[in-house]
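We will take a short walk through the model, stop by stop.

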Amino acid sequence: MISPVLEAIGVTKTFDVTGGVLGRPRTLHAVTNVSLRVMRGETLGLVGESGCGKSTLGRCLLRLHTLTDGTIRFAGTDISRLSMRALRPLRPRMQMVFQDPYGSLNPRRRVGDLIAEPLRVHRLPSGARRAEAETSARVHDLLRLVGLKEDHLARYPHEFSGGQRQRIGIARALALNPDLIVADEPVSALDVSVQAQVVNLLMDLQETLGLTYVFIAHDLAVVRQIATRTAVMYLGAIIEIGPTEQVFCTPAHPYTAALLAAVPHPHGGAAGARPMLRGEVASPLSPPSGCAFHPRCPSAEARCRVERPMLAPDSGPRQVACHFPLQETG
């Protein structure tokens, strides 16, 4: 049996916040009881409305956030409670591409130094000259790999377009030959034509290098293009997960169906005749009881208001957290 590169079991992340007139401490429920597996060589797409917890979950998977509860296993190793020192040997194998390609790059450093930095931090040199020569060669290889030119090495981040800066960020993430890359909205800040170029680059790199991705996005068209499987998040929880084409063609959760219905159609209108979402997402400071989606769900019944539906772990590749999935109700 093939073991997953990454496995999350019951991952929960909360934040203590202070607000309101009286300034009382409150708990923000960012991620709630999320379980998933990411298999080697696949791309798991993570979609949902803004504020649903996608980015927080991505950071939890790489232990950039300390978990409130739950377990994360990377390559068979439980990293949930490892200290930063114990986690350091695993860091090269799991990397992140951030949403803002400019904010993630130090504006005071040249591109050559930015790409070389992971190599200098994580590799112990056998000799200064030899190590620097190897680093320089690797930097040049990475630059060619992401479609940039050699004369770009001496420039600063502000001298590049958004798409070029994202290519620099991808080169940094690839520097240490990672097994897993979490890409957090890597194309949302780019023009449409540039988005396609970056997505195609990521797909080519995956095929060439055997990479595994967790791809976070709110653009469903992009996710459908790149993802092997898709997980849909709502208010901190995964409410549907399965093979991408199944999720897009026959959504089982009413929220997934409503998301797809909201996608503009090339000939005008929405992509389908399913009901559009009503109301607003509940606050993660005070999530609803029962099913978190029930205040907005056209199919909600009394059971949905009191009983929280869970993903069935043994129901095959397609799982849905809904008491009345669309495949059953028609």
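**Stop one: a glycine in a loop**

Select Gly236, which sits in the loop between β9 (229-234) and β10 (237-243); helices (H or I, at least four residues) and strands (E, at least two) are DSSP runs, numbered from the N terminus. Before going further, note that this is a predicted model, where local features need pLDDT of at least 70 and side-chain atom pairs count only at pLDDT 80 or more, while totals for chains, interfaces and linings use all residues. Residues are numbered from 1 along each chain as its sequence is written, and side-chain values use heavy atoms, with hydrogens and water left out.

Is Gly236 buried or exposed? Its relative accessibility is 0%, so Gly236 counts as buried (under 20% relative accessible area; exposed is over 50%, partly exposed in between, with a 1.4 Å probe and protein chains only). Now show what surrounds it: leaving aside neighbours within four places in sequence, Gly236 is in contact with Ala30, Val31, Thr32, Val34 and Cys52 (contact means heavy atoms within 4.5 Å).

**Stop two: helix α1**

Next, select residues 54-61, helix α1, where six of the eight residues are buried. Those are Lys54, Thr56, Leu57, Gly58, Cys60 and Leu61. Just after α1, look at Arg63, which takes a positive phi of about 60 degrees.

**Stop three: α3 against α5**

Select residues 111-122 (α3) and 162-174 (α5): these helices pack at an angle of about 30 degrees, with axes 7 Å apart. Axes are lines fitted to C-alpha atoms, for helices over the stretch in contact, and angles run from 0 to 180 degrees between N-to-C directions. The two helices are therefore roughly parallel to each other (angles under 35 degrees). To see the contact, show Val111, Leu114, Ile115, Glu117 and Pro118 of α3 with Ile168, Ala171 and Arg172 of α5.

Stay with Ile115. Not counting residues up to four places away in sequence, Ile115 touches Val139, Leu142, Leu143, Ile168, Ala171, Arg172 and Ala175.

**Stop four: α5 against α6**

On the α5 side, the contact is made by Gly163, Gln166, Arg167, Ile170 and Leu174. On the α6 side, Val194, Gln197, Val198, Leu201, Leu202, Leu205 and Leu209 take part.

Definitions and conventions
Parallel < 35°, antiparallel > 145°, perpendicular 65-115°, else oblique.
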